[in-house]
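Good morning, everyone. Please have a look at the model on the screen, and then we'll go through it piece by piece.

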Amino acid sequence: MPSQPPLPPLLAPYVSSLPQSSLTVLSSVLGATGNWLILRFLYAALNAPSNSETEFGLNQSDGVKDKKVVFVSFLRGWEFWRSEAKRLGLDLARLTDKRQFAFIDGLSELFDNPTTAAAPSQPSFPGTAPPRTVLPVRSPPGPVPGRTPHLLSRPGNVSTNPASKEIGPVKRLHLSGNGTAALDALERDIATVMKQLKTPTPGEAEEPELVLIIDQPDLLLAATGPSKGIGATEMGEWVMGLQQNAYATIMTLSADSPLIHNASAIAHQPATPLETEHAAFAIGSAHRAQMVMQLRSLETGAARDVSGVLRVGKGGAWGQKDAGTEGNWEEKEVLYFVQRDGGVRVFGRGE
Amino acid sequence: MSFRKRNIGLSTGADRTPALKSSAQPQQSTTAAESSPGIRPSPDDGRPTTSTGSRSLDNLLAGHGGLPLGKTLLIEENGTTDFAGALLRYYAAEGVVQDQKVHVVGMPEQWGRSLPGLIGPADVADEKPDKRKRERMKIAWRYERLGEFGAGVAGSRVPAATSGDQGPSTANGDQAQQPAFCHAFDLTKRLTHPSIANITYIPLGRSNEPLFVTIHKRLQAAIAQSPSNTVHRIIIPSLLNPTLYPPETSQPDAVLPFLHSLRALMSAPSARVTAIITMPLSLFPRSSGLVRWIELLSDGVIELCPFPHSADALATSGAVTAGEEPPQGVLKTHRLPVLHERGGGSDQNIGQDWAFTLSRRKFEIKPFSLPPAEGDKDAQEGAAPGGMPKKADLEF
C-alpha cells in the first residue's frame with residue numbers, strides 16, 4: 001500500500017482553514033479516538049511554510065500568516081504527542097525551541113496535591129524564552145522536595161537538548177481549590193503561555209495567528225463535578241475565556257452514548273450529575289462551534305480496513321458572520337482508516 | 001510479511017536466528033535497558049512490552065505480543081463469576097516469576113499466597129498440542145503456523161525460530177539463553193517462588209485522607225523509591241466493588257482523579273509500569289457515564305461475558321472437536337492499548353468475536369463460532385437411518 005500524504009486531500013479543506021475566533025469541536029468515542037485528527041490539525045497549522053522559506057522570508061509574500069499553536073492535553077502526555085507527531089514529520093521539540101509551539105501538560109500533575117509550599121519546578125521554554133514576569137521566578141534547579149524525582153536527577157541542564165527531550169518543554173497544570181477559582185487559575189496559566197508565545201520575536205513583523213487546541217477538557221468536568229462547584233456552565237465560560245486569547249480554538253470531547261444520551265428524558269434510568277453536566281457541556285459547545293467533527297465507530301461492527309466514520313457538520317455558530325470569512329466547505333461524512341505507519345486514508349463510502 | 005523464501009531458512013535454523021536478532025537489536029538498544037527479564041520489544045513498533053502471564057491474552061493486544069509498558073488494561077466482567085480474577089492471578093504470578101515488583105491494591109496477603117503454580121515457559125507447555133498438530137498435518141506442514149491464532153505474534157519472532165520445525169536440539173539450546181517471556185501456570189497448584197514475598201499489598205484502610213489519594217501516594221512512593229530499572233505491575237482487583245471499597249469512592253470526583261493520576265504516574269518517561277484493573281459490570285453497567293469515563297481513562301478495555309450455566313450443555317453438544325474444550329464465555333475488545341490511541345483499525349484481530357476458555361492450565365482466547373444448531377444434528381441423524389433402508393427397499 002503506498003504511503004499516504006500527511007494530510008489526506010479530502011480532509012485538507014477542513015483542517016487547514018480555521019476562521020477567525022472560531023471554535024471547532026471534535027468529538028470522539030471509546031473505539032474511535034481523535035488523536036490522529038488533532039495531529040492533522042497540528043500538521044496543517046505548523047507545517048504550512050517549509051522551514052527554509054521562513055528563514056528567507058519568502059512566505060510573507062503570499063499573505064499566509066505564521067501560525068503558532070498552544071496545545072493543552074488532559075489525557076495524554078508530552079511523550080505520546082511528540083513521538084506521534086514525529087511519525088508525521090513534525091518535530092514538536094524543535095518547534096518549541098523555535099517558539100512556534102507550546103505544550104501544556106494537563107496530565108502529569110493535575111490532581112497532585114502540592115504538599116510543599118515550594119514553587120513547583122517548571123521547566124519552561126529553554127533558552128529563548130524571556131524570563132517569566134507573572135509567575136514566581138523559577139527556583140534554581142536544585143532539590144525540590146517530594147516531587148517527580150526523574151526531574152531532579154538531572155539538575156542544571158534544563159537548557160540542553162537531552163533535557164528538553166526527556167522532560168519536554170512543558171508547563172504543567174495543577175488543579176487546586178474548588179469551583180471557578182480553580183478554573184480561573186488554570187485559565188491564567190494557559191493564558192500566560194499563550195501571551196508569551198504571541199509576543200512577536202524580533203524576526204517577526206506582525207502578530208501571528210495563535211491556534212489553541214484543548215484536548216479533552218471534559219475530563220476536568222467529569223473528575224470534579226457539581227460537588228466541587230464546576231459544572232457545564234463554568235466549563236463553557238472557561239473555554240470562552242480561553243478563546244478570547246486565541247485566533248481559533250479546537251476542542252476535543254468525548255461523545256459516547258452514555259455520556260450524551262443518558263441525560264435525555266427518554267433514558268430509562270435517572271441520569272447522574274456526571275452525565276447531565278457532560279451532556280450539557282458537549283451540546284452547549286457544539287452550539288457555539290463553527291464546525292463539529294464527529295468520530296465514531298462503524299455501526300455495522302469493526303472492519304479490517306476501516307477505523308471509523310468521520311462526520312463534518314456545521315455547528316450552532318455557523319452562518320453568524322459573513323459567508324466569505326468562514327471558508328467554503330460542505331458537510332460531509334467519510335470513512336477513515338489509520339494505518340500501522342500512522343498514515344491516514346480518508347475516503348467516501350464505497351470508494 | 002517479508003518476501004524471504006520460507007523454505008531456505010528452515011533448513012539452517014542457526015542462520016535464521018541471528019538474522020532475526022540483529023533486526024531486533026537496534027530497537028532494543030533504543031528502548032531503555034533491555035537487561036530486565038520479562039521485557040521484550042514489541043514486534044510491531046519496538047516499544048517494550050511485558051507479558052500478562054497468559055499467552056492468549058498477550059496475542060490479543062494489537063500485535064504487540066504483550067502489554068506495553070505504561071499502559072493500563074481494564075477487564076470488565078459480567079455476572080458473578082471470577083474469570084477476570086484468574087487473569088489477574090496469571091498476571092501477578094508472571095510478575096513474581098519475572099522478578100518484577102507487584103503491587104496489589106485492596107487484597108489481603110492470602111490473595112498472593114493463592115497464585116497459580118508455575119509449570120514452565122509457555123512455549124514448553126504448548127509443546128503437547130504442537131505434537132498433536134504435527135501428526136495431523138502431514139501434508140500441509142509448511143502452513144502449520146499460518147492462520148492459527150495461538151501462534152500469532154507472541155509465538156513469532158524469536159520463539160518462531162526456536163519452537164517451530166527445526167528439531168528439539170536447537171530449540172532447547174536457544175531456550176536456555178533466551179529467557180522466557182511468558183510462563184504457563186497451573187491454577188490448582190500454589191506458586192512457590194523466592195520473590196513472592198516481595199509483593200506489596202496496599203490495604204483499603206480508613207484514614208483521614210480520601211482512600212484513593214492514599215493509594216496513589218503509596219504507589220507513587222513505592223515506584224519512586226525502587227531502582228529505576230525495576231518493572232512494576234499494579235493490580236487492582238474488583239475496582240469499586242462495594243464489599244471492598246466504601247460507597248463514597250464510587251463518586252466520579254473520587255475515582256476519576258485517581259485513575260487520571262495513575263495514568264500520569266504510568267506515562268512518566270522514566271516509569272516502567274503496567275497495570276490491570278478489573279471491574280464488576282453487574283454493579284456498574286457499561287451504560288453509565290462513570291464507567292464510560294473509567295474506560296476512557298484506560299488504554300485497553302476488555303469485557304468478559306461468561307455464558308450462563310445452562311449454556312454449557314449446548315456448547316458441549318456442538319461440533320467442538322474432541323481435543324478442544326467448550327467456550328465458557330464471550331470476550332469483547334472495546335479498546336486495545338496503543339492501537340486505539342493512534343486511531344484504531346488495521347489490526348487483524350479486530351472485528352473478530354472471541355470466546356474464552358479457562359482451564360486448569362491456561363486462559364485461552366479463540367475465535368468464537370456458534371456450534372451447529374441442535375435441531376440440524378437431529379435431522380441429520382434421523383435422515384441417515386430413515387433414508388438408507390428406503391433406497392434398499394426400492395432396489396430389491
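In which hand, left or right, does α10(A) pass α12(A)? The crossing is right-handed. That word applies when the near helix is turned clockwise from the far one by less than a right angle, and left-handed when anticlockwise.

Quick housekeeping. This is a predicted model, where local features need pLDDT of at least 70, side-chain atom pairs count only at pLDDT 80 or more, and totals for chains, interfaces and linings use all residues. Residues are numbered from 1 along each chain as its sequence is written, while chains are lettered from A and ligands numbered from 1 in the order in which they are written.

Back to the helices. Helices (H or I, at least four residues) and strands (E, at least two) are DSSP runs, numbered from the N terminus. In chain A, α10 spans residues 232-243 and α12 spans residues 273-288. Their axes come within 8 Å and cross at roughly 35°. Axes here are lines fitted to C-alpha atoms over the stretch in contact, with angles from 0 to 180 degrees between N-to-C directions. On α10(A), the contact uses A:A232, A:M235, A:G236 and A:V239. On α12(A), A:E277, A:A280, A:F281, A:G284 and A:S285 take part. Contact means C-beta atoms, placed from the backbone, within 7 Å.

Now the two chains. 34 residues of chain B are in contact with 47 residues of chain A. On the chain B side, α11(B) gives the largest share, nine residues.

Last, A:V211. Leaving out residues up to four places away in sequence, A:V211 touches A:L18, A:A45, A:K67, A:V69, A:A246, A:Y247, A:A248 and A:I250.

Definitions and conventions: Contact = placed C-beta atoms within 7 Å.
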